[in-house]
Amino acid sequence: MELFSHSWQALRAAVAALPDEDFDQPSGCAGWLVRDLVCHLVIDAQDVLITLVTPAESEPTADAVTYWELLDAPTTGEDPLDALIPRLAAAYGEPRWLKFHLDDVGSAAGRAAELADPALLVSTQDKVLTAGDYLAAYVLEWTLHHLDLTAHLPSAAAPPAETLAAARTALERIAGAPFPASFSDEAALRVGTGRRTPTDAERAALGDLAASLPLVLG
């Protein structure tokens, strides 16, 4: 729960500190500008709020690892929701309105997470899991998107070391194998999810794991 709050606060603070011109820069999400990514974060925050008030009565069907589904290929942007994001982001006009909406909804999502009972069973995407596992899964989401936010903005604040390490551990559990010790947490996350291509040295260090990459999370 603390890592959820830490990763989410850091990501929102990084967005709040961006100058307006950075919103027109590319993000680490293929086909999305920074403003599109920030708009996606608003929707993510809404999803957190909705899920935490959607109780379930059946036994858990997923945990923080199995919450994630592995897709066969990266998204192309043709999915209706993916295609909607750039149009919705553009409708905000000035970046300050995107910042305001993220701060407003994002703060509410953060408070809801702090107040949630970790043992509460919640339902989302046809899965049932504890609120604690759901919020733990989102540490990976926030950290990857923090890396996406800063992919082409070297002056922007990076994700906290603690959440990078936790996200790496989560991705290793999803992969079923550890990344080489020579990989930094950031490299493991970027290479592991296909956000960048491994170098020849990195590919050699990955060994058999290279064949199962990238891990496209859905």
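Modeller: Before you ask: a helix crossing is left-handed when the near helix is turned anticlockwise from the far one by less than a right angle, right-handed when clockwise. This is a predicted model, with local features needing pLDDT of at least 70 and side-chain atom pairs pLDDT 80 or more, while totals for chains, interfaces and linings use all residues. Residues count from 1 along each chain as its sequence is written, and side-chain values use heavy atoms, without hydrogens or water.

Biologist: Which helices are included in what covers the buried residues of α1?

Modeller: Buried means under 20% relative accessible area (exposed is over 50%, partly exposed in between; 1.4 Å probe, protein chains only). In α1 that includes F4, W8, L11 and R12. The cover includes α2, α4, α5 and α6.

Biologist: Are α1 and α5 roughly parallel or roughly antiparallel?

Modeller: Their axes (lines fitted to C-alpha atoms over the stretch in contact, angles 0 to 180 degrees between N-to-C directions) come within 9 Å and cross at roughly 25°. The crossing is left-handed. Under 35 degrees counts as roughly parallel, over 145 as roughly antiparallel, 65 to 115 as roughly perpendicular, the rest as oblique. The pair is therefore roughly parallel.

Biologist: How many residues of that α1 and α5 contact are nonpolar?

Modeller: Contact means heavy atoms within 4.5 Å, and among those making it are F4, W8 and L11 of α1 with Y138, W142 and L149 of α5. Ala, Val, Leu, Ile, Met, Phe, Trp, Tyr, Cys and Pro count as nonpolar, Asp, Glu, Lys and Arg as charged, the others, Gly among them, as polar. None are charged and four are polar, leaving the nonpolar count at twelve.

Biologist: How many of the eight residues of α7 are buried?

Modeller: They include L189, R190 and G192, under a cover that includes α5, α6 and α8. Helix α7 is largely enclosed by the rest of the structure, because its buried residues number six.

Conventions:
Helices (H or I, at least four residues) and strands (E, at least two) are DSSP runs, numbered from the N terminus.
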